[in-house]
Every structure is written in structure tokens, then in C-alpha cells.
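Subject: Structure handover

Hello,

Here is the structure for your work. My notes on it follow below.

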Amino acid sequence: RYFNDFVFKSELTDYKEEDVSIDKIDFQDNLAILHMIAKELFPVLNEEGNVAKATDQTFVNKLNKVLGDGKHPNYVQNRFNKPMFAIHHFAGLVEYDANAKV
């Protein structure tokens with residue numbers, strides 16, 4: 001969000017002040033996504049980290065209860081009962097695999 005607010009808006013202001021003609025640039029405010037991650041996704045992840053029998057699937061199941069079924073417009077629930085979900089970021093859909101090994 002800081003990048004969007006600072007860089008894009010300040011650049012557009014500079015162009016306007018310098019009378020530089022540019023095509024209209026639209027950029028999406030990602031505050032709703034940041035709030036979802038910080039206030040809903042991370043708390044579920046922290047909670048699951050304290051559960052002895054937690055699994056990748058139980059984490060995603062809890063996310064689905066909190067964010068799925070249209071509760072958040074940027075969250076996409078995996079309909080095949082796999083430990084996966086997706087988030088609509090400003091640049092497009094990003095899929096996350098909770099079972100992925102790093």
C-alpha cells in the first residue's frame with residue numbers, strides 16, 4: 001500500500017505539476033487484501049501453530065470458515081478439499097498450497 005500511495009500518487013502529482021501529458025493510470029488500492037491477510041489469515045495461522053494436531057488441511061479448513069463462501073471478495077476457496085486456497089491480488093489470482101514444502 002505504501003508503494004502505491006507514495007510512488008504512483010507522487011509521480012502522477014509530479015507529472016501534473018510539470019505539465020507532462022500521460023495516459024490515465026489506474027491502480028488498485030490493496031488495503032482490503034492487506035487487512036484480510038493481517039487481521040484474518042495470520043491470526044488463523046498463529047492459532048493453528050499452537051494446536052498440537054493441526055495440519056495443512058485444518059489450517060485451510062479454518063480459513064475457509066473465516067474467509068470462504070464469499071465472506072471476503074479476494075479469497076478463493078478450493079472446492080476439492082485440498083490444502084489450497086487463492087487470493088485475488090491487484091495483479092491477478094495467486095494460488096497458495098499449504099502443503100508445499102520449501
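Helices (H or I, at least four residues) and strands (E, at least two) are DSSP runs, numbered from the N terminus. Gly 70, for instance, lies in the loop between H3 and E1.

Some ground rules. This is a predicted model, so to speak of local features needs pLDDT of at least 70, side-chain atom pairs count only at pLDDT 80 or more, and totals for chains, interfaces and linings use all residues. Residues are numbered from 1 along each chain as its sequence is written, and side-chain values use heavy atoms, with hydrogens and water left out.

**Helix packing**

Two packed helices are described by the angle between their axes and the distance between the axes. Here the pair is helix H2 (residues 31-49) and helix H3 (residues 56-67). Their axes come within 10 Å and cross at roughly 145°. Axes are lines fitted to C-alpha atoms, for helices over the stretch in contact, and angles run from 0 to 180 degrees between N-to-C directions.

The H2 and H3 crossing is right-handed. A crossing gets that label if the near helix is turned clockwise from the far one by less than a right angle, and is left-handed if anticlockwise.

Which residues of H2 and H3 make the contact? From H2 come Met 36, Glu 40, Leu 41, Val 44, Leu 45, Glu 47 and Glu 48. From H3 come Thr 58, Phe 59, Lys 62, Leu 63, Val 66 and Leu 67. Contact means heavy atoms within 4.5 Å. By type, the residues of this contact are eight nonpolar, one polar and four charged. Ala, Val, Leu, Ile, Met, Phe, Trp, Tyr, Cys and Pro count as nonpolar, Asp, Glu, Lys and Arg as charged, and the others, Gly among them, as polar.

**Nonpolar core**

The largest nonpolar core has 12 residues. They are Ile 33, Met 36, Ile 37, Leu 41, Val 44, Phe 59, Val 60, Leu 63, Leu 67, Tyr 75, Phe 85 and Ile 87. A core is a set of buried Ala, Val, Leu, Ile, Met, Phe, Trp, Tyr and Cys residues joined through side-chain atoms within 4.5 Å. Buried means under 20% relative accessible area, exposed over 50%, partly exposed in between (1.4 Å probe, protein chains only).

H2, H3 and E2 each supply at least two residues of this core. The largest share, five residues, comes from H2.

Val 60 is one of the core residues. Leaving aside neighbours within four places in sequence, Val 60 is in contact with Tyr 75, Lys 82, Pro 83, Met 84, Phe 85 and Ala 98.

**Aromatics**

How many aromatic pairs does a search of the whole structure find? It finds three. Rings of Phe, Tyr and Trp (its six-membered ring) pair if their centres lie within 6.5 Å; planes under 30 degrees apart count as stacked, over 60 as edge-to-face and the rest as tilted.

Tyr 75 lies in strand E1 and Phe 85 in strand E2, so the pair ties together parts that are 10 residues apart in sequence. Tyr 75 is buried at 6% relative accessibility. Phe 85 is buried too, at 7%.

Phe 85 also stacks with Tyr 96, at 5.3 Å centre to centre and 20° between the planes. Tyr 96 is partly exposed at 30%. Phe 59, Tyr 75, Phe 85 and Tyr 96 form one aromatic cluster.

**Backbone points to check**

Most residues other than glycine have a negative phi, and most peptide bonds are trans. Asp 19 has a positive phi of about 55°. Asp 19 sits in the loop between helix H1 (2-17) and H2, and is exposed at 71% relative accessible area. Asn 81 has a positive phi of about 55° as well. Its loop runs between strand E1 (75-77) and strand E2 (84-89). Asn 81 is exposed at 60%.

**Other sites**

Gly 70 is exposed, at 67% relative accessibility. The C-alpha atoms of Gly 70 and Ala 98 are separated by 20 Å. Tyr 15, in helix H1, is partly exposed at 30%.

Best wishes
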